[in-house]
Amino acid sequence: MPLYWWIVSVLAFLVLIVFILSIALYRRMKRFEGSYISLQKFMNGKQIDELLNEYVHKVDEIEKNVDKCNQRLTPIELKLRASIDRAELLRFRAFEDVGSDLSFAVAFLNQDCNGLVISSIYSREEARIYAKPINGGQSVYSLSDEEKEVISKAMIGQQKI
């Protein structure tokens, strides 16, 4: 066999391989196109890139809203932490000759155990009211047993932010 027949045979074989590869790639592209069309129908005809851009824009807006909410929430949390959220009342009999528990001690505390305690001592002749500041569950003024008890009860179950 002459050399040109060998060259023609090799070229024909290469053309056949290229033709088979072209058919395989064409069929693969048709399957991809079918998948793409079914995806478009599933999304009511909208383009994927339009949907993605829309969702990215929505996520950006949500992030901005979250940042605004956080800016507004920080001062509110600080104010809430300083607000009175613990109150406890204890009624007691200060004197034996008084018939019922008309004396009382009430504590008003915030989350840092700061606030005040108010006491009222009732007797038949008079009633006296005392108010004492509380810092960290303690007072610079001397506290009665009832005042200490009402402060400790108000501090129980305290939750920190």
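Let me start with one serine. S120 has 7% relative accessibility, so it counts as buried. Keep in mind that this is a predicted model. S120 sits in strand β3. What does S120 touch, leaving aside its neighbours within four places in sequence? Its contacts are S103, F104, R128 and I129.

Now the sheet around that strand. It is open, with four strands in the order β1-β2-β3-β4. The pairing is antiparallel. Which strands form the edges? They are β1, residues 86-92, and β4, residues 127-134; each pairs on one side only. From one strand to the next, the twist averages 10°.

Look at β3 against β4. Strand β3 covers residues 115-122. Eight bridges join it to β4, and the two run antiparallel.

Next, the core. In general, nonpolar side chains of soluble globular proteins tend to be buried together. Here the largest nonpolar core has 11 residues. Among them are L90, F92, V117, I134 and L143. Which elements give two or more residues to this core? Three do: β1, β2 at 103-109, and helix α3 at 145-155.

Take L143 from that set. Beyond its neighbours within four places in sequence, L143 is in contact with V117, K132, K148 and I151. Two of those partners, V117 and I151, are core residues too.

On to charges. Side chains of opposite charge can pair when their charged atoms come close. How many salt bridges does the model have? The count comes to seven.

First up, E54 and K58. Their closest N and O atoms are 3.4 Å apart. Both belong to helix α2, residues 48-82, and because they are four residues apart, about one helical turn separates them. E54 is partly exposed at 32% relative accessibility. K58 is also partly exposed, at 41%.

Then R81 with D112. This salt bridge is 3.0 Å, N to O. It links distant parts of the chain: R81 is in helix α2, D112 is in the loop between β2 and β3, and they are 31 residues apart. R81 has a relative accessible area of 22%, so it is partly exposed. D112 is partly exposed as well, with 31%.

Last, R86 and D85. The closest N and O atoms are 3.7 Å apart. D85, at 32%, counts as partly exposed.

Technical notes:
Residues are numbered from 1 along each chain as its sequence is written. This is a predicted model: local features need pLDDT of at least 70, side-chain atom pairs count only at pLDDT 80 or more; totals for chains, interfaces and linings use all residues. Side-chain values use heavy atoms; hydrogens and water are left out. Two strands pair if DSSP finds at least two bridges between them. Axes are lines fitted to C-alpha atoms, for helices over the stretch in contact, and angles run from 0 to 180 degrees between N-to-C directions. A nonpolar core is a set of buried Ala, Val, Leu, Ile, Met, Phe, Trp, Tyr and Cys residues joined through side-chain atoms within 4.5 Å. Buried means under 20% relative accessible area, exposed over 50%, partly exposed in between (1.4 Å probe, protein chains only). Contact means heavy atoms within 4.5 Å. A salt bridge is a side-chain nitrogen of Lys or Arg within 4 Å of a carboxyl oxygen of Asp or Glu.
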